[in-house]
Every structure is written in structure tokens, then in C-alpha cells.
Amino acid sequence: MLSPAVLLLLGWMIVPLSMTIYFSFLSYNLLMPGMEQFVGFANYEFFLTDPAFFEALANTLLLVGGVLVITIVGGTALALLLDQPMWGQGIVRILVIAPFFVMPTVSALVWKNMFMNPVNGLFAHLAKGVGLEPFDFLSHAPLFSIILIVAWQWLPFATLILLTALQSLDQEQLEASEMDGAKFGSRFVHIVLPHMSRAITVVILIQTIFLLSVFAEILVTTNGGPGYASTNITYLVYAQSLLQFDVGGGSAGGIVAVILANIVAIFLMRMIGKNLEA
Amino acid sequence: MGKISLRQVTKTFGDVEVIPALDLDIEDGEFVVFVGPSGCGKSTLLRLIAGLEDVTGGHIEIDGRPATDVPPAKRGLAMVFQSYALYPHMSVRKNISFPLKMAKMDPAEQERRVNAAARTLNLTDYLDRRPGQLSGGQRQRVAIGRAIVREPSAFLFDEPLSNLDAALRVNMRLEISELHQSLKTTMIYVTHDQVEAMTMADKIVVLRAGRIEQVGSPLELYRAPRNLFVAGFIGSPKMNVISGEKAAEHGAHTIGIRPEHLLLAQDGAWSGRVGVAEHLGSDTFLHVHVEGLDPLTVRVQGEAGVSHGDAVRLSPMPEHLHRFDENGLAVR
Ligand SMILES: Nc1ncnc2c1ncn2[C@@H]1O[C@H](COP(=O)(O)OP(=O)(O)OP(=O)(O)O)[C@@H](O)[C@H]1O
Ligand SMILES: [Mg+2]
């Protein structure tokens with residue numbers, strides 16, 4: 001017997017999913033209303049053979065991977081720093097969390113206009129200050145810039161989770177390892193890191209879900225360009241269906257994105273899921 | 001080797017003085033027990049010796065060499081923590097070999113020492129398990145194993161048995177004593193259980209509020225406590241303490257008499273009424289209410305043959321009477 005809650009949830013997910021699947025088999029362009037017809041897998045073929053798709057796929061993976069690396073490494077370092085007793089601990093911790101409360105659109109705009117702008121941006125001023133040519137981040141290293149912006153947003157989340165993990169480490173274990181002759185480095189590798197592995201897994205899984213669908217930051221800063229240099233799958237789907245008015249192609253892209261997300265999820269669970277077992 | 005000396009060692013946390021200046025000598029091969037009530041600074045003292053806390057003042061010498069500024073790992077001491085502090089993600093084997101690995105010892109020698117320790121501690125069958133899959137007593141043995149493979153010059157134990165149930169505690173107590181007999185290494189053992197102190201120690205150090213009240217062998221402390229605090233702390237059940245008129249009769253401000261040194265006698269000096277009687281089989285503890293005194297505990301061998309409400313007369317054995325002056329110090 002399916003309970004009403006399960007039915008509701010199924011309906012909630014199945015209706016949009018099946019509509020998307022349905023659209024993905026139609027030639028459906030908003031510029032030609034009433035001309036929809038069944039075209040089989042043509043939309044998929046078109047989407048998957050588009051060179052932009054492979055570029056977007058690579059960008060998506062680079063974006064997810066880059067942000068994960070920065071946030072995990074940076075988050076661990078920050079958590080280690082924040083765990084030290086220091087003056088004004090409470091305020092510093094709140095400040096560290098602050099970026100998480102800034103909306104993606106806003107933070108991307110701030111980064112674009114106030115930091116990375118080649119004329120007025122802070123980085124440009126700094127470069128000029130030391131006599132260097134200002135670097136136009138968003139046009140010369142668009143993907144890297146976006147990775148930086150997104151990483152900045154997610155760093156607090158990672159730091160916070162890793163900090164709580166760090167604080168739950170039994171002090172006596174650290175003292176025991178100290179007596180056992182472990183120096184700071186070995187203590188970190190043999191005691192602290194294994195203790196934090198579960199928290200790191202959680203951070204990786206949660207962030208991956210959100211990072212696969214980064215969109216606002218790209219729309220606001222580079223519009224996926226130059227060319228397709230900073231287009232990820234999510235942005236490609238958007239461009240396909242709403243910039244080129246090709247709902248059929250967009251839907252096919254959406255389904256491809258769902259399948260890709262599942263592949264990534266299975267891959268991740270295989271790789272690190274065992275850390276979540278007690 | 002394992003001779004440890006503390007010279008005028010003090011420790012303050014913030015502006016709270018936990019250990020006022022303290023001198024202590026621990027001889028090579030001795031089993032020394034620190035006892036005292038909760039919060040008296042036993043753990044702090046042990047951690048000062050281990051180097052996990054820095055001394056505020058004074059000097060520590062280990063084997064005649066100054067150790068005050070030597071980091072914990074270099075002092076050649078091994079510590080067994082109350083919570084065991086095993087590394088949860090490592091197997092028992094890895095836990096025990098961790099200090100050897102950190103010392104970059106040859107793997108074959110590591111293997112040999114781990115196996116030897118496992119044999120001594122009956123852990124051979126558990127070497128590939130994780131600490132989470134062991135019982136409390138087994139975890140305790142792993143913690144001890146991790147300490148013995150280093151072949152330290154002294155072992156430090158901080159209430160190692162307090163998380164175990166009573167039966168297991170008796171067992172482990174014997175095992176640790178056994179270990180001391182076979183290794184002949186200095187051991188410093190912290191407990192607030194005076195039975196552990198009496199049964200295991202070569203030398204007991206009684207602490208109160210960071211001060212050493214008395215140092216001596218278990219029987220010295222039992223026979224000749226230096227003051228009322230030690231008298232009340234060592235011995236079970238507690239010594240009866242009597243002051244006022246009855247003490248003055250014996251020429252002291254306060255007198256103390258252990259329950260086993262009070263006799264039920266027809267012509268006893270003190271008359272009272274039996275309250276609760278605790279039957280242990282081998283002994284009976286009678287709580288006797290004597291006019292004008294706190295209830296006295298009397299230990300009677302076997303069955304006492306008296307019951308609640310009976311009138312009895314008590315007679316203290318004169319040779320076991322402890323006399324104290326108005327400051328609580330023993331008068332001899
Ligand atoms: N890190 C610290 N900061 C401040 N005060 C401390 C610290 N560690 C211990 N103390 C204080 O020092 C005193 C002695 O503590 P310690 O842990 O040595 O007691 P203990 O004799 O081991 O007690 P127990 O039998 O309960 O373990 C206590 O009053 C405690 O509050
Ligand atoms: Mg303690």
C-alpha cells in the first residue's frame with residue numbers, strides 16, 4: 001500500500017520528469033508554435049553531438065572538482081586555524097560564515113564589478129600598484145574566475161562542517177599520539193584527518209549536488225562565454241531552450257543532465273560512501 | 001631506569017593554584033599510587049610528569065636529567081588514559097605499533113614487539129579488530145599494550161580501571177600488578193579508589209588540594225596516618241572519629257579507631273544501641289549509636305549475633321587507638 005505521502009511525492013517528481021521526457025522527444029520550438037511533432041531521439045542526438053556539449057561537460061566537471069578541492073583544502077586549513085584559542089573567537093567565526101548568506105547573484109556581481117573588473121576592480125588596482133598589467137579575469141580565465149567565486153561562497157559551509165568535526169575529536173587521542181611521539185604532521189595525517197573523513201565525505205556529497213547546477217554565477221558574470229569557455233551543462237540547457245527557444249532540445253539536455261548527475265552520484269558513493277558507514 | 005624527582009613543582013591555571021610547591025621522589029621500579037578525593041590534582045600532577053602540562057614553577061628530573069622543558073615524546077614515559085584514547089580508525093595491531101611506527105622502528109622489530117605484547121595481554125586473537133569491536137577490558141589491554149611496546153622508563157596510569165565493572169576491575173588490577181612484577185618498570189598510578197591504592201602500591205601518595213598529605217607504604221599509612229585526612233581516607237570502612245569528652249579521656253583532642261579495632265565486649269567502655277547491620281557473609285558491619293557521638297562502625301568477623309535495637313557495649317583496642325591534636329595531626 002502506498003501511503004498518501006509517497007503518492008504525493010511521486011506525483012511531485014514524476015509529473016515534471018515525465019513531461020520533460022515527453023518534450024525531449026518532440027521537435028518543439030517556441031518560435032514555431034503548433035508545429036510540435038514526434039522526432040524520436042533526434043533531440044538527444046543533436047544535443048550529444050554538439051561540440052558545445054563536450055566542452056560544457058568538461059567545464060561542469062572542472063567546476064565541481066575545482067570548487068571541491070579549494071573548499072576542502074581551504075576549509076580544513078581554516079577550521080584548523082579557527083580551532084585555535086584566540087581573541088574574538090565568536091566574532092571571527094560569524095565573519096567566516098557570512099559569505100554563505102550572500103545570494104549567488106549578488107556575490108557574483110560583487111566579484112565581477114568590484115574585484116575582477118579590469119578597470120575599476122580591486123585586483124586591477126593591486127596589479128597596477130605593483131606595476132603589473134591588470135588581468136581581465138572574466139574574459140581570459142572565465143572558468144577559473146567562476147570557480148573562484150563559487151568556491152568563495154562554499155568555503156564557509158565546508159569550514160563550518162569541518163570545524164565541528166575537528167572540535168568533536170577527543171583531546172586525549174591527540175595527547176596520546178603526542179606521547180607516542182607523533183609530530184604535528186603525523187598527528188594530522190594519522191589522527192585528525194581520519195577523524196574528519198566522514199565530515200569531508202558529507203561536504204563532498206552535499207556540495208556536488210549543488211555544484212552540478214551552478215547557474216546564477218555564470219549568467220551574471222560571463223553568460224557562458226567567451227564562446228562556450230564557461231558554459232556548464234545547466235547553462236547549456238538554459239541556452240538551448242530559452243535563448244534558442246528550442247524546448248525539445250533543452251528537455252533532452254535536461255534529461256542528459258539528470259543522467260549525468262546520477263552517474264556522478266553513483267561514482268561518488270562507490271568511492272567515498274564507505275566513509276559514511278559507522 | 002625510571003627514577004623521577006619533582007622539586008618545588010607548582011601549577012596554576014589562570015589564577016587558581018592547583019598544585020602548591022611540591023617535592024616528590026619516585027624510585028626506579030616502584031609502583032607509586034596517587035590517591036585523593038576528586039579534584040585534588042592527581043591527574044594534573046600526572047600530566048605534569050608526562051609533560052602534557054607545563055609546570056608553572058619548579059623542576060622535574062627523570063633519571064637524574066632535567067626534564068622540565070623536554071617534550072612529552074622525549075621523556076621516555078608511556079601513559080594509559082582513563083578513556084583509553086585508542087585510535088578508532090586503526091586496528092588493534094596498528095594501535096599498538098603506532099608509537100613504534102612514529103619512532104621509525106624496523107618493521108620486523110615492530111612486528112615482534114607487537115606480537116610479544118599481544119601474547120602478554122591475551123590480545124592475539126583480536127589484533128585485526130578495531131577498538132570499537134572490543135569490550136571495555138580488551139580496550140584497556142590494548143591501551144596498556146600500546147604503552148608497553150615502547151619499553152618506557154616509566155608507565156603513567158590515570159584511573160585506568162574506572163570505566164570497568166567491579167569484577168573486571170579486580171581482574172585488571174591483578175593483571176597490572178602482575179605486569180609490574182614481570183617488567184619491574186616504574187609505574188605511577190592515579191586512582192581515587194583506596195582499595196586499588198592499598199592492594200597495588202609499593203608507595204602511596206595521599207593528596208589533598210594539590211598538597212601531599214602523606215607518603216608511605218600501604219601498611220604505614222594504615223598503621224600510622226599522619227593526620228585525620230589520611231586516617232579517614234585509607235582503610236575501608238572508614239575510621240571512626242570521636243572528639244570531645246570521650247577523646248579527652250584518652251588524652252587527645254580527637255581519637256580515631258578503625259571498625260576492625262572496636263570489640264563487642266560485656267565490660268566495654270562505651271554503651272550504645274545497634275542500628276543497621278550490614279551482612280557481608282565474611283564480616284558484619286554494625287552501625288552502633290552511642291549517646292553523644294556520631295554512629296560508630298564496628299566490624300565483626302562472621303555473624304555478629306546481634307540485631308537492630310540491641311544494646312551493646314564497645315571496647316576500643318588501646319594499641320590501635322589513634323590520637324590527634326586540635327589541628328588534626330597525629331600525636332605519638
Ligand atoms: N585545564 C584546566 N584549567 C583550569 N583548571 C583546571 C584545568 N585542569 C584541571 N583544573 C582544575 O585543577 C584541579 C585538579 O584537577 P585534576 O583533574 O588534576 O583533579 P583529579 O584529582 O584528577 O580529579 P578526579 O579524581 O576527579 O579525576 C581541579 O580543581 C580542576 O578544576
Ligand atoms: Mg583525574
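**Figure 1. Chain A in overview.** Of the 278 residues that make up chain A, 41% count as buried. The model shown here and in the following views is predicted. Chain A contains 13 helices and two strands. Its C-alpha trace spans about 75 × 65 × 30 Å along the principal axes.

**Figure 2. Chain B in overview.** Chain B has 332 residues, and buried residues make up 53% of them. Its secondary structure comes to nine helices and 19 strands. Along the principal axes, the C-alpha trace of chain B spans about 75 × 45 × 35 Å.

**Figure 3. A nonpolar patch on the surface of chain A.** The patch is formed by L2(A), V6(A), L7(A), L9(A), L10(A), W12(A), M13(A) and I14(A). Together these residues have about 820 Å² of accessible area. One of them, L10(A), is found in helix α1 of chain A, which covers residues 4-24. L10(A) has a relative accessible area of 37% and is therefore partly exposed.

**Figure 4. The residues around ligand 1.** The shell is drawn from chain B and consists of F13(B), V18(B), S38(B), G39(B), C40(B), G41(B), K42(B), S43(B), T44(B), E159(B) and H192(B). Sorted by class, the shell has three nonpolar, six polar and two charged residues. Helix α1 of chain B (residues 42-50) provides the largest share of the shell, with three residues.

**Figure 5. Contacts to oxygen atoms of ligand 1.** Which part of G41(B) lies 3.0 Å from an oxygen atom of ligand 1, backbone or side chain? For G41(B), the atom in question is a backbone N or O atom. In K42(B), a side-chain N or O atom is 2.8 Å from an oxygen atom of the ligand. E159(B) also places a polar side-chain atom by the ligand, at 3.1 Å from an oxygen atom of ligand 1. On its own, ligand 1 has 630 Å² of accessible area, and the protein covers 56% of this.

Figure 6. R113(B) and E109(B) form a salt bridge in which the closest N and O atoms are 3.1 Å apart. Both residues belong to helix α3 of chain B (residues 107-120); they are four residues apart, so about one helical turn separates them. E109(B), at 23% relative accessibility, counts as partly exposed.

**Figure 7. The salt bridge between E213(B) and R208(B).** The side chains of these two residues meet at 3.4 Å, N to O. E213(B) counts as buried because its relative accessibility is 9%. R208(B) has a relative accessibility of 38% and counts as partly exposed.

**Figure 8. A salt bridge between two strands of chain B.** D283(B) and R299(B) form a salt bridge, with their closest N and O atoms 3.0 Å apart. The pair links distant parts of the chain, the two residues being 16 residues apart. D283(B) is in strand β15 (residues 283-290) of chain B, while R299(B) is in strand β16 (residues 296-301) of chain B. Is D283(B) buried or partly exposed? At 9% relative accessibility, D283(B) counts as buried. R299(B), in contrast, counts as partly exposed, at 29% relative accessibility.

Figure 9. The network links E175(A) of chain A with K11(B), R47(B) and E53(B) of chain B. Over all chains, the structure holds 15 salt bridges.

**Figure 10. The surroundings of E30(B).** E30(B) is found in the loop of chain B between β2 (16-26) and β3 (31-35). Its relative accessibility is 15%, so E30(B) counts as buried. What lies 2.8 Å from a polar atom of the E30(B) side chain? There, the backbone nitrogen of E27(B) is found. The side chain of E30(B) also makes a polar contact with the side chain of K203(B), at 3.4 Å.

Notes
Residues numbered from 1 in each chain as written. Chains lettered and ligands numbered in written order. Predicted model: local features only at pLDDT ≥ 70, side-chain atom pairs only at ≥ 80, totals over all residues. Heavy atoms only, no water. Near = heavy atom within 4 Å. Polar contact = N/O pair within 3.5 Å; in protein donor to acceptor, adjacent residues only side chain to side chain. Areas by Shrake-Rupley, 256 points an atom, 1.4 Å probe, with all protein chains shown as cover. Nonpolar A, V, L, I, M, F, W, Y, C, P; charged D, E, K, R; others polar. Patch = residues over 30% accessible without salt bridge, like charges linked within 9 Å, V, L, I, M, F, W, Y side chains within 5 Å. Salt bridge = Lys/Arg side-chain N within 4 Å of Asp/Glu carboxyl O. Buried < 20%, exposed > 50% of the residue type's maximum accessible area, 1.4 Å probe, protein only.
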